[in-house]
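Please keep the sequence and the structure in view while reading.

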Amino acid sequence: MADTIKNTLKKIEEKNIAPKPKWHHSLRDYAFWVFFGLSIILGACATSTIIYLLANHDWDVHKYLHESLFEDIFTSLPYLWFVILALLVFFAFFQAQKTRSGYKYSPYLIVGISIILSLLLGAVIFYSFLDFGIHEFLSNHVPIYNSLVCSETAVWNNVGSGLLNGEVVAIKSNDEFTLKDCNGKVWQVEYDQSQWLEKIPLAVGMKIKMVGTQEGDNTFIVKIIRPLERLKKQTNSKRNKIFSPA
Amino acid sequence: MDKGINHLNMDDQELVVSTLQNKDYYQYLMKRYEDKLRRYIRRLAKVSEEDVEDILQEVFIKTYVNLNAFDTSLKFSSWIYRITHNETITHLRKLKSRPSTFNLELNEIIVNKLQSDLNIEKEADKKYLQANMGKVLNNIDKKYQEVVVLKYMEDKDYQEISDILKKPVGTVAVLLSRAKKEIKKELLKNKTFLS
């Protein structure tokens with residue numbers, strides 16, 4: 001049998017091997033916790049976007065949007081964000097397992113805690129209006145995003161089924177305004193002020209969606225009218241209040 | 001300072017602290033674990049004596065290099081067994097061409113412990129088990145072999161096995177329970193003598 005101890009000591013001496021400093025190991029462990037935390041925060045952002053999309057969806061007018069409530073739910077769920085959330089939860093799980101004491105806990109417990117933390121933090125982000133408009137940003141700047149997530153604009157762009165959306169370009173009177181839809185077509189819209197249930201009055205530049213009927217070539221008679229993204233104004237005003245300089 | 005006298009009264013953690021201050025103390029830690037780890041490597045892997053020595057030396061070097069990473073909430077033995085386990089597996093991966101079957105040396109004490117846990121009481125059954133246990137253990141899944149080796153051959157408790165294999169204690173308990181079932185199944189397959 002070889003003298004392993006003697007050979008080991010000789011190798012340590014010859015190659016000048018020394019123990020790695022404590023900070024090196026601590027840094028590695030902290031890095032895993034930081035990645036774990038980041039995964040949870042990003043998961044929370046995904047959760048807040050899921051809540052935003054679900055809360056923004058017009059469940060009450062599903063009969064105009066789809067044939068049944070089931071079809072409406074099935075086509076409106078933000079699957080992309082569910083997949084992103086699942087990936088982030090599993091990333092958090094793998095990071096937690098790599099920490100010094102991560103192996104001591106059951107994988108189910110770690111995954112469960114990651115999901116709960118992401119959901120709770122996501123709800124906090126959503127209800128405190130700190131979501132930073134992830135959906136809006138992606139919707140406006142990443143073309144492929146709208147094809148991956150059921151787009152409000154696309155759903156509400158079907159005049160044949162009585163659905164129309166676009167931007168208010170002029171207010172003609174208390175019951176008539178001009179709208180430019182997403183294809184650039186200009187519409188004369190007739191409505192009743194009592195149909196507008198928002199606190200903020202209808203104004204030029206506002207993006208809206210409507211249920212109604214087409215009359216003639218470019219006239220639209222409104223049954224239901226509301227902002228395209230109902231929570232957007234609220235979110236922006238709250239966000240502006242938080243981030244505006246004192 | 002007479003290190004030769006002092007080190008005998010030191011526990012592993014004290015020796016780790018002393019080694020970090022003076023590397024000469026490391027030889028005492030190595031001496032404590034040399035035989036145990038060599039035996040453990042042989043039980044884990046069917047490799048040549050030369051490979052056993054290579055693995056052992058690499059274990060001692062890695063342990064030394066990472067001494068500052070030693071988590072004092074663990075037993076030092078669990079930590080060095082973990083390094084040995086990982087190093088042996090890594091070594092086996094490098095030796096792709098060689099079989100990586102477990103080399104189970106069974107003595108009477110180990111077989112008795114296993115028999116007792118498997119609730120085998122008939123003398124004939126015990127003799128059969130003693131004669132065939134090595135073959136039976138070699139036929140069960142590797143994940144079960146690992147826990148059986150640590151529990152019955154290295155005499156480790158659940159917490160130590162958990163720390164060595166980096167698996168939750170509950171998972172270790174489940175693996176051991178399944179390992180026993182697998183062993184019984186294997187024995188029954190070879191000879192339908194267990195009731």
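The points below treat the model, each chain in turn, and the contact between the chains.

The model is predicted: local features need pLDDT of at least 70, side-chain atom pairs count only at pLDDT 80 or more, and totals for chains, interfaces and linings use all residues. Residues are numbered from 1 along each chain as its sequence is written, while chains are lettered from A and ligands numbered from 1 in the order in which they are written. Chain B contains ten helices and zero strands, whereas chain A includes a closed barrel of five strands. Helices (H or I, at least four residues) and strands (E, at least two) are DSSP runs, numbered from the N terminus.

- The closed barrel of chain A runs β1-β2-β3-β5-β4, with mixed pairing; two strands pair if DSSP finds at least two bridges between them.
- From one strand to the next, the twist averages 55 degrees. Angles run from 0 to 180 degrees between N-to-C directions, and axes are lines fitted to C-alpha atoms, for helices over the stretch in contact.

**Chain A: strand pairs**

- Strand β1 (residues 163–173) of chain A pairs with strand β4 (residues 207–215) of chain A in the antiparallel sense over five bridges. The bridge partner of A:L163 in β4(A) is A:V211.
- β4(A) and β5(A) are antiparallel and joined by eight bridges; A:K209 has A:R226 as its bridge partner in β5(A).
- The hairpin of β4(A) and β5(A) has three residues between the strands, and A:G216 takes a positive phi near 65 degrees there.
- Strand β3 (residues 186–190) of chain A and strand β5 (residues 219–227) of chain A run parallel, joined by three bridges. A:E190 stands opposite A:I221 in β5(A).
- In a regular strand the side chains alternate between the two faces of the sheet.

**Chain B: overall fold**

- Along the sequence, the pattern of chain B is α-α-α-α-α-α-α-α-α-α.
- Of the 195 residues of chain B, 32% count as buried. A residue is buried if 20 or more other C-beta atoms lie within 10 Å of its own, exposed if 12 or fewer, and partly exposed in between, with C-beta atoms placed from the backbone.
- Among contacts in chain B between residues at least 6 apart in sequence, 65% join residues at least 24 apart. Two residues are in contact if their C-beta atoms, placed from the backbone, lie within 7 Å.

**Chain B: domains**

- The domain assignment of chain B gives domain 1 (3–94) and domain 2 (108–190), and the C-alpha centres of these two domains of chain B lie 25 Å apart.
- Nine residues from domain 1 of chain B and eight residues from domain 2 of chain B form the contact between them.
- On the domain 1 side of that contact, α3 and α5 (76–94) of chain B are the elements giving two or more residues; α5(B) gives the most, with four residues.

**Chain B: packing of α3 with α5**

- α3(B) and α5(B) pack at an angle of about 35 degrees, with their axes 10 Å apart.
- Residues making this contact include B:Y33 and B:L37 of α3(B) and B:I80 and B:Y81 of α5(B).

**Chain B: positive phi in loops**

- B:D155, in the loop between α8 (142–153) and α9 (158–165) of chain B, has a positive phi near 60 degrees although not a glycine. B:D155 counts as exposed because there are 11 C-beta neighbours inside 10 Å.
- B:K166 lies in the loop between α9 and α10 (169–190) of chain B and is another residue other than glycine with positive phi, near 55 degrees. With 16 other C-beta atoms within 10 Å, B:K166 is partly exposed.

**Contact between the chains**

- The contact takes 23 residues from chain B and 19 residues from chain A.
- On the side of chain B that touches chain A, α3 (26–44) and α4 (49–65) of chain B each supply at least two residues; α4(B) gives the most, with seven residues.

Methods: Domain bounds come from an automatic or database domain assignment.
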